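Thanks, everyone. I'll take this one quickly, so please keep the model open on your screens.

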Amino acid sequence: MTRPTAAPVAARMRLRPFATVHDGREGGWHMPGPLVLRMIAAAVVAVLLAGGLAAWLVARSAQHEALERLMERQKDEVEAVALLLSGKIEQNQRVLATLAESLPAALLESPDALDGVLRQDLPAARFFDALQIARRDGSLSLQWQNGRLHEGAQLDPAERDQLRRTLLEGKPLVSGVIGNTPADGRIMFSLPLRTAEDGAAVQGALAGTLRLQSQGLLPPSMALPARADSKLVVFTRDGTILSHPDASRVLGRVGDEDGLAQVYDKALQGGQAAVAGRGVSEVVGGHVVSVAGMPLPQWLVARVSDGGSSGPDLATGWRQRGIGRAAMATVCAALLAAVAIACFAQPLARVCRRAARAGGAGLSGDTPWPRGAGEVDAIAHACRSLADDLRTARREADMLQDRFQAVLDHAPAGIVITRAGMLEVVGMEACRLLGYEPHELQGQPARRLYASDAAYTELGRRVRAEFAAHGAFDGDVCFLRKDGGAVWARVLGRAVRDGGTAEANGTVWMLEDLTAAREARRQRDWPAGHDPLTQLANREAFRQRLYALLSDHAQRPTVVQPPHQDGAGNGMAGVPADATGGWPADGGAGAGDGLHAAEADGAGVMLFLDLDHFTVVNAIAGHDAGDDVLRHVGRLIENQVRHVGWAARLGGDEFAVVLPGCALARGMAIATQLCAAVHAWEPAYAGRTYTLGVSIGLVPLDGSTYDVSAVLHAADMACYEAKRAGRNRVEVRRLRPERQGASASGSAEAY
């Protein structure tokens with residue numbers, strides 16, 4: 001196999017140039033590298049963003065302050081208008097009271113006399129648009145309008161109701177809006193008439209009427225100065241508009257006004273706006289709304305301004321003066337930061353140029369590294385250390401490469417490493433098996449080793465299923481040789497590293513030629529001696545082979561000595577799967593290993609294996625999963641003992657292993673390894689994992705002749721003891737030497 005040559009270390013470690021072409025001098029100004037340029041750009045952007053954010057915050061604060069000033073100013077304005085209107089209402093009531101004092105109660109029954117009094121140039125009579133006088137019984141005595149006397153039949157029903165309420169309640173009243181159109185809308189002021197002799201008795205009622213837009217009530221000039229983005233609205237508690245810059249909106253509903261409907265709802269719920277003489281301001285739907293209440297009548301005055309235009313307009317002066325200055329200061333700060341970073345980074349730029357120049361000749365050149373304060377010295381020191389470590393790592397990498405290549409060239413099994421469907425590494429034995437030269441397979445797609453796309457796809461499905469269920473692959477695969485012939489191999493696949501997927505981390509494959517084994521399977525008598533599920537020897541073949549081993553060993557001369565006894569007088573005790581520290585690693589007999597001489601010269605050991613919790617897999621995952629478990633366990637056992645013994649399936653989930661010539665200590669070690677291997681394997685079926693174990697009964701085969709049935713019975717009993725002792729462990733059971741006339745069961749008795 002051709003050994004891949006490593007790229008020169010200097011070329012692999014070459015640094016990307018950080019500066020322009022070297023001019024032969026270390027001094028002078030050096031253009032900063034990409035990292036420093038990015039730092040400068042980041043600093044400039046940060047300063048610009050900080051300046052922009054600061055300007056935005058200041059502008060936002062100024063706008064908020066302007067909005068607060070607008071709200072405070074509007075609140076003061078609506079409070080002043082509310083007080084002004086309250087004063088007008090009180091003035092109108094005083095004028096009406098003055099007029100009532102000029103009317104004798106005795107004239108209530110004489111309309112002509114009342115008309116004569118009103119025509120005597122009384123200023124109070126001319127103040128109102130209309131006057132009405134009612135008698136004590138509610139009948140109209142006089143209706144005087146615009147200087148003319150009118151019949152009572154022309155009195156509006158709402159006005160008649162206002163007079164009757166005044167007679168009944170005996171106190172001054174202010175009516176609601178009377179009329180259906182803005183031009184006809186009016187307010188009626190009324191008070192009871194009493195005589196001087198009987199001040200408590202109501203003799204009649206006097207009422208004065210004013211139009212809404214009259215000078216004595218709500219003149220159009222009240223809303224001046226007019227603003228396009230603001231409007232002054234006066235409305236009653238029932239939501240009727242009394243005054244509005246748009247005359248067509250008079251007698252309309254407040255609920256139709258933008259920004260005023262929500263504040264009106266709060267006023268009706270007893271909010272602060274309903275308190276006489278006090279105003280409140282708030283921002284509603286982009287509008288600044290200020291509302292103040294009046295005590296009598298219970299009217300509300302509101303100013304609605306467009307907050308989106310009024311607030312910024314108040315901050316226009318600040319913006320014109322401050323934004324330009326802030327922008328200039330921010331740009332200057334960004335430029336200063338860029339220049340400062342470029343100056344501070346000059347030593348770093350020189351170090352980078354030195355590193356770039358050293359890339360072609362190695363980092364450990366004779367030219368000294370530039371020096372500078374702080375991080376520059378640290379970088380230069382790190383580069384010098386890196387050069388030393390690089391030389392050491394190069395030597396170690398070369399040594400590891402030589403060792404790895406020796407393994408690939410001389411390993412008895414074929415080794416292949418794949419990643420993402422590509423052949424990354426192919427060992428010499430695998431190349432000989434497939435008929436290729438190493439360079440012909442290195443870096444090639446794995447598909448070329450199979451006869452067809454269908455075969456490659458089917459094998460991929462098998463591999464994925466095996467890895468999902470068992471975390472590995474163990475199976476027979478047919479490959480296509482270079483000469484076009486087919487070759488069968490047993491393939492063991494494992495992920496290169498634990499964690500992640502085999503496709504990402506790579507997979508290592510072990511290939512073993514199965515030509516002879518498959519030829520043996522084609523023999524006519526092969527199925528009679530092998531289990532069709534696991535391909536291991538069956539019970540009958542196992543018995544015959546064990547009998548041959550015992551018979552052959554019985555013909556050899558042996559020295560029998562009494563077995564070793566412990567302090568209690570017992571033989572070998574059961575040993576759990578994880579308690580193997582007391583067994584000698586080499587399996588040889590020694591003075592302190594507890595073995596007698598017969599064990600060192602025995603026929604070996606036999607292991608009886610019974611799976612733990614196998615019925616759970618059958619019951620939950622099904623019999624197909626159970627068969628898959630038996631196949632995998634059979635392969636696992638065969639892989640563990642194939643070089644030191646042979647295995648068989650006795651039936652169900654029971655297996656047997658014979659280790660010829662194996663000492664008890666080594667047999668215990670192998671049995672313990674089997675326990676650990678089965679317990680560590682966690683198969684997965686239908687998204688659920690299962691934990692298995694194996695209980696093992698071990699019987700030493702010493703120099704005496706034994707009956708095969710007795711050996712199997714003793715091993716079975718030892719396995720039963722292992723299950724009773726907690727499962728997934730090894731129990732040892734010895735046989736007594738055969739005696740003349742002893743039965744098979746007697747020879748199986750342990751001691």
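Helices here are DSSP runs of H or I with at least four residues, strands are runs of E with at least two, and both are numbered from the N terminus. The model is predicted, so local features need pLDDT of at least 70, side-chain atom pairs count only at pLDDT 80 or more, and totals for chains, interfaces and linings use all residues. Residues are numbered from 1 along each chain as its sequence is written, and side-chain values use heavy atoms, with hydrogens and water left out.

Backbone first. Most residues other than glycine have a negative phi. His 613 has a positive one, about 65 degrees. His 613 sits in the loop between strand S18 (604–612) and helix H18 (614–621). Its relative accessible area is 42%, so His 613 is partly exposed; buried means under 20%, exposed over 50%, and partly exposed in between, with a 1.4 Å probe and protein chains only. Asn 728 also has a positive phi, near 50 degrees. Asn 728 is in the loop between helix H21 (708–724) and strand S24 (729–732).

Now the core. A nonpolar core is a set of buried Ala, Val, Leu, Ile, Met, Phe, Trp, Tyr and Cys residues joined through side-chain atoms within 4.5 Å. Which residues touch the most other members of the largest one? They are Leu 607, Leu 609, Val 629, Ile 637 and Ile 696, out of 38 residues. Elements supplying at least two residues each include S18, helix H19 (623–641) and strand S23 (693–701). Helix H20 gives the most, with 8 residues. A second, separate core has 37 residues, among them Leu 99 and Leu 210.

On to a sheet. Two strands pair if DSSP finds at least two bridges between them. Five strands form an open antiparallel sheet, ordered S13-S12-S16-S15-S14. Strand S13 (422–426) and strand S14 (473–480) are the edges; each has a single partner strand, so one side of each lacks a neighbour in the sheet. Inside it, strand S12 (414–419) and strand S16 (507–513) pair over 5 bridges. Val 416 stands opposite Trp 509 in S16.

Last, cysteines. How many disulfides are there? The count is 0, taking a disulfide as a pair of cysteine sulfur atoms within 2.5 Å. Cys 431 is buried, at 1% relative accessibility. Cys 478 is partly exposed, at 31%.
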